[in-house]
Amino acid sequence: MNNNTKQLKDWPLWEVFVRSKQGLEHKHCGSLHAADARQALDMARDVYTRRQEGVSIWVVQSSQIVANRPDEKGELFDPSADKIYRHPTFYEIPDEVGHM
Amino acid sequence: MDRTPYLLHLADNALILGQRNAEWCGHGPVLEEDIALANMSLDLIGQARLLYQEVAKDRGGDCTEDTLAYFRDTAAFRNYTLLELPHSGPVVGYGQAQRDYGVTIVRNFLYSALMVLVWDALQGSHDKTLAAIAEKSLKETRYHLRHARDWLVRLGDGTDESQRRTQAALDYLFPFTQEFWAQSPAESEAVKAGIGVDLTSLREDWDDLVSAAIAEATLVRPSGQGYLSQGKFGQHSEHLDYVLAEMQSLARAHPGATW
């Protein structure tokens, strides 16, 4: 018997990632509140895969995600704006190569 | 051999519990649970439809899945009494009581624990269509059991209040499971013909499954004795009238209406 059980409002937030049948990677599709990881998986199944969206689910507690600060945008991302030579758009890719 | 009484028993179970659980739609304790219960209701109503369609094929004439769901009266239904009870403790038919999620979870647990065994066994039915319906339903029911068992443990091994309410729900509902083991003529016929399953052969597995979950939930398993309900014999509690009144009124007010 555990009387320290979390109140509903204290349920942590979880980010949900779903891999579709054809998909090669898990994609972020939303978030939800759940008491623990197991419940987060079940709830993600019910909320995000009921229209056959997925064959695999990852959940991660939102507080575990480390994000850059929005005010670092300039130094982090703007310098790549004029380096178009980094895009391999100048090459013709033969059909046999398929997905890259 | 007429397989329709047996199919109707299976179909009515699924339809009535599906209808009952759908009462939570828009009222769930949290959004995710609201969606989960509606999903599971749709699984159950889907199972009922497949079975009603088979009955309609056998009966022919004007019989359709809709006439079976919407134009039969209380005494013609063959679902377990357990499944028609409101989401609360004991209350008279016309009474109003607050829905209790503990009752919802305990009922779903007791029933889905039975049905994973039933559908598993029915995969070997001599009736190939029923075997195929069983295969599809088993996957759905495994999830229903997982969901209900998970919540049973969370609520039982939760706060003082959640434990008290879950134990009360268990004490109230457990005697209704006696009906599982009282064989009806429809079941006897189906077992004899090799299309149905003898539930008494599943009782030990059900007992183990249920006892293990109740122990994990730190709850006490009730003796489960007392009044033997008779829903599958067609003698229902007053609550089924109210379920059917709500479910059937639209179809009866506008017969043959389509979207």
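This note goes through the predicted model point by point, from its ground rules to its salt bridges.

1. **Ground rules.** This is a predicted model, in which local features need pLDDT of at least 70, side-chain atom pairs count only at pLDDT 80 or more, and totals for chains, interfaces and linings use all residues. Residues are numbered from 1 along each chain as its sequence is written, chains are lettered from A and ligands numbered from 1 in the order in which they are written, and side-chain values use heavy atoms, with hydrogens and water left out.

2. **The A–B interface.** In chain A, 18 residues are in contact with 17 residues of chain B. Contact means heavy atoms within 4.5 Å. About 1700 Å² is buried between the two chains, and carbon and sulfur atoms give 49% of that. Buried area is the accessible area (1.4 Å probe) that two parts lose on being put together, summed over both.

3. The rule finds 3 salt bridges between chain A and chain B. A salt bridge is a side-chain nitrogen of Lys or Arg within 4 Å of a carboxyl oxygen of Asp or Glu. B:Arg146 and A:Asp42 meet in a salt bridge at 2.5 Å, N to O. On the chain A side, β2 (27-33) and α1 (37-48) each supply at least two of the residues that touch chain B. The largest share, 7 residues, comes from α1(A). Helices (H or I, at least four residues) and strands (E, at least two) are DSSP runs, numbered from the N terminus.

4. **A:Asp46.** This residue lies in helix α1 of chain A. A:Asp46 is buried, at 1% relative accessibility. Buried means under 20% relative accessible area, exposed over 50%, and partly exposed in between (1.4 Å probe, protein chains only). Leaving aside neighbours within four places in sequence, A:Asp46 is in contact with B:Ile35, B:Ala36, B:Asn39 and B:Tyr143. Its side chain also makes a polar contact with the side chain of A:Arg45, at 2.8 Å. A polar contact is a pair of N or O atoms within 3.5 Å; within protein, one must be able to donate a hydrogen and the other to accept it, and residues adjacent in sequence count only if both atoms are side-chain atoms.

5. **Helix α4 of chain B.** This helix (residues 101-122) has 22 residues. From first C-alpha to last it reaches 30 Å, close to the 32 Å expected at 1.5 Å a residue. The expected span is 1.5 Å times one less than the number of residues. Of the 22 residues of α4(B), 20 are buried, so the helix is largely enclosed by the rest of the structure. At its start, a side-chain oxygen of B:Asp100 comes within 2.7 Å of the backbone nitrogen of B:Gly102.

6. **Salt bridges in chain B.** The count over all chains is 25. B:Arg154 and B:Asp150 pair at 2.8 Å, N to O. Both lie in helix α5 (residues 128-156) of chain B, 4 residues apart, about one turn of the helix. B:Glu187 and B:Lys232 form another salt bridge, with the closest N and O atoms 2.7 Å apart. That pair links distant parts of the chain, 45 residues apart: B:Glu187 is in helix α7 (residues 185-192), and B:Lys232 is in the loop between α8 (203-216) and α9 (239-253). Both B:Glu187 and B:Lys232 are buried.

7. **Disulfides.** How many disulfides does the structure hold over all chains? The count is 0. A disulfide is a pair of cysteine sulfur atoms within 2.5 Å. A:Cys29 is partly exposed, at 34% relative accessible area, while B:Cys63 is buried, at 19%.
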